[in-house]
Amino acid sequence: RGEWLSREIPARKELKRITSFGLLDRLRLAELDYERRKVAEKPLAAGTDAMRVGELDDARHCLALSQTLNDAPPVRTALERLARLRQEQQRLEELAKQRDREQDLRRRKARLHDQVQEAIADGKWHKAQANLRQLMKLDPGNRELTGLKKALDEAVAVRIRQLLDQGNALYRRGRIREAKTAWEAVLALDPKQQQAQSNVKRARRVLNKLRELKQQVPKTPPVPAPASTPTPALEPAS
């Protein structure tokens, strides 16, 4: 009824402005105007009750309707109280979101820290480096991570030295392809390692040269087996 009155009364007033209104029309408008003020009390009470139980959207709808029907001081006071409650609700919601973000960040850091430790234990240095870089971006001021990075860099340097020596030994024994694999493992750990870069290029040149030489060697036809001559039968001894 309140929503209907909020539309009907302005329409009748506009009609009164542009056309002549009879006595009955004016009386009907006065009745509607009186009803408007009485009906406005109900959405005001409903809005106040909704605020009390925390239903702020319902409270806003009811109080807005009450103000449209009768913009009285009690309605304005209730709307001011509603505005404060909505601000407090938004503040609490933002705090909850912030707590969720912080909790999610803690979970991500813990997961990455475990992955770094597991990769180190398994000797997966490249994976450990990648996960540690992500972890340091999430927690840049963590001194523990700085120490962990230093220890990891030292371990990676030792592993690079081992791979370089392993590749050199394989290369000297003529196992070029295996040597190249070892040096490529160095580049996976440190793409800028100059010695490994040079060694990989040299191994590729050697492998390409061997492939070319293999293609140039003519294929010799198989040597036919000599024809077998029948063995003469022995004459019986006299």
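This is a predicted model: local features need pLDDT of at least 70, side-chain atom pairs count only at pLDDT 80 or more; totals for chains, interfaces and linings use all residues.
Author: A contact here means heavy atoms within 4.5 Å.

Reader: OK. How many helices and strands are there in the protein chain?

Author: Nine helices and zero strands. From the N terminus on, the chain reads α-α-α-α-α-α-α-α-α.

Reader: What about the radius of gyration of the chain?

Author: The protein chain has 46 Å. A compact globule of 238 residues would be near 18 Å.

Reader: And what does the C-alpha trace span along its principal axes?

Author: About 165 × 60 × 45 Å.

Reader: What share of the residues is buried?

Author: Buried residues are 24% of the 238. The chain exposes about 17500 Å², with 53% of that supplied by carbon and sulfur atoms.

Reader: Switching to α9. Where is it, and how many residues does it have?

Author: Helix α9 covers residues 194-216, which is 23 residues. From first C-alpha to last it reaches 33 Å, close to the 33 Å expected at 1.5 Å a residue.

Reader: Which residues of α9 are buried?

Author: A196, N199, V200, A203 and L207.

Reader: Why would residues three or four places apart point the same way?

Author: An α-helix has 3.6 residues a turn, so residues at that spacing point the same way.

Reader: What do the buried residues of α9 pack against?

Author: Two helices: α7 (143-172) and α8 (176-189).

Reader: Last topic, charges. How many positive and negative ones?

Author: The chain has 50 positive and 33 negative charges. Their mean positions are 8 Å apart.

Notes
Residues are numbered from 1 along each chain as its sequence is written. Side-chain values use heavy atoms; hydrogens and water are left out. Helices (H or I, at least four residues) and strands (E, at least two) are DSSP runs, numbered from the N terminus. The radius of gyration is taken over C-alpha atoms; the globule rule is 2.2 Å times the number of residues to the power 0.38. Buried means under 20% relative accessible area, exposed over 50%, partly exposed in between (1.4 Å probe, protein chains only). Accessible areas come from the Shrake-Rupley method with a 1.4 Å probe; for residues, only the protein chains shown count as cover. Lys and Arg count as positive and Asp and Glu as negative; His and the chain ends are not counted. The place of a charge is taken as NZ of Lys, CZ of Arg, CG of Asp or CD of Glu. The expected span of a helix is 1.5 Å times one less than its number of residues.
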